[in-house]
Amino acid sequence: DLTTGRGSQLDLNWDTNDQAGSVSYSLIQALPQVGNFQFYPLAGFGVALAEDSTNGYTIPGTFGVIGMYSKYTLTDKIWLNYNPMYMAGIGGNANFKNESRLLHELAIPYQLNPRQNVRLFANWDSETDFKDGDFKIEFNHQF
């Protein structure tokens, strides 16, 4: 809602190598811009999913998530995003219920034109150092 700055998101992830993933739903509130900074805190909950050859699809647990998307504008074509998310197990098997992790995402996007951008991503967490994290380049086209 562009008048209130409130929104929601549905996040779906599936790892084809591990045959596991998650579905989460969060509420987001845009805060007033401060200089070149924009912050979008969020809170939500989710369900972990897994597939195995014996039981089919299972739900190892549920989790809560609190975090923030942030944006620092450098120019009209270049900005930085830092998106920390804290996820904590709420229910499920003993290993999952006691699991908590701080996830980090850093992105450096470049706007090619109003419908296209290129982004360099770095992802790491409380158990993985930045240098050992995942790095990728992504091209986005808005239809």
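With a relative accessible area of 53%, Leu 27 is exposed (exposed means over 50%, buried under 20% and partly exposed in between, using a 1.4 Å probe and protein chains only).

Leu 27 also belongs to a nonpolar surface patch of about 560 Å², made together with Leu 10, Leu 12, Tyr 25 and Phe 45. Patch members have over 30% relative accessible area and no salt bridge; nonpolar side chains (Val, Leu, Ile, Met, Phe, Trp, Tyr) are joined within 5 Å, and like charges within 9 Å. Two strands, β1 (6-15) and β2 (20-29), each supply at least two residues of this patch.

## How the model is read

Residues are numbered from 1 along each chain as its sequence is written, and side-chain values use heavy atoms, with hydrogens and water left out. Because this is a predicted model, local features need pLDDT of at least 70 and side-chain atom pairs count only at pLDDT 80 or more, while totals for chains, interfaces and linings use all residues.

## The chain as a whole

Now for the overall picture. The protein chain has one helix and nine strands, arranged along the sequence as β-β-β-β-β-β-α-β-β-β. Its C-alpha trace spans about 50 × 35 × 30 Å along the principal axes.

Of the 143 residues, 22% count as buried. The accessible surface of the chain comes to about 9600 Å², and 58% of that belongs to carbon and sulfur atoms (areas come from the Shrake-Rupley method with a 1.4 Å probe; for residues, only the protein chains shown count as cover). Among contacts with a separation of 6 or more, 36% are between residues 24 or more positions apart (contact means heavy atoms within 4.5 Å).

## Charges and salt bridges

The chain carries 9 positive and 15 negative side chains, and the centres of the two sets lie 10 Å apart. Lys and Arg count as positive and Asp and Glu as negative, without His or the chain ends; each charge is placed at NZ of Lys, CZ of Arg, CG of Asp or CD of Glu. A search of the whole structure finds four salt bridges (a side-chain nitrogen of Lys or Arg within 4 Å of a carboxyl oxygen of Asp or Glu).

Arg 101 forms a salt bridge with Glu 99, the closest N and O atoms being 3.1 Å apart, and another with Glu 127 at 2.8 Å. Since Glu 127 lies in the loop between β8 (116-125) and β9 (134-141) and Arg 101 in strand β7 (residues 100-113), the Glu 127 pair ties together parts that are 26 residues apart in sequence. Arg 101 is partly exposed at 25% relative accessibility, whereas Glu 127 is exposed at 55%. Shared partners join Glu 99, Arg 101, Asp 125 and Glu 127 into one network. Lys 131 and Asp 132 also meet in a salt bridge (3.5 Å, N to O).

## Ile 78 in its loop

Ile 78 lies in the loop between β4 (56-73) and β5 (79-82) and is partly exposed, at 30% relative accessibility. Leaving aside neighbours within four places in sequence, Ile 78 is in contact with Thr 73, Pro 109 and Tyr 110. Ile 78 and Tyr 57 are 21 residues apart in sequence, and their C-alpha atoms are 42 Å apart in space.

Methods:
Helices (H or I, at least four residues) and strands (E, at least two) are DSSP runs, numbered from the N terminus.
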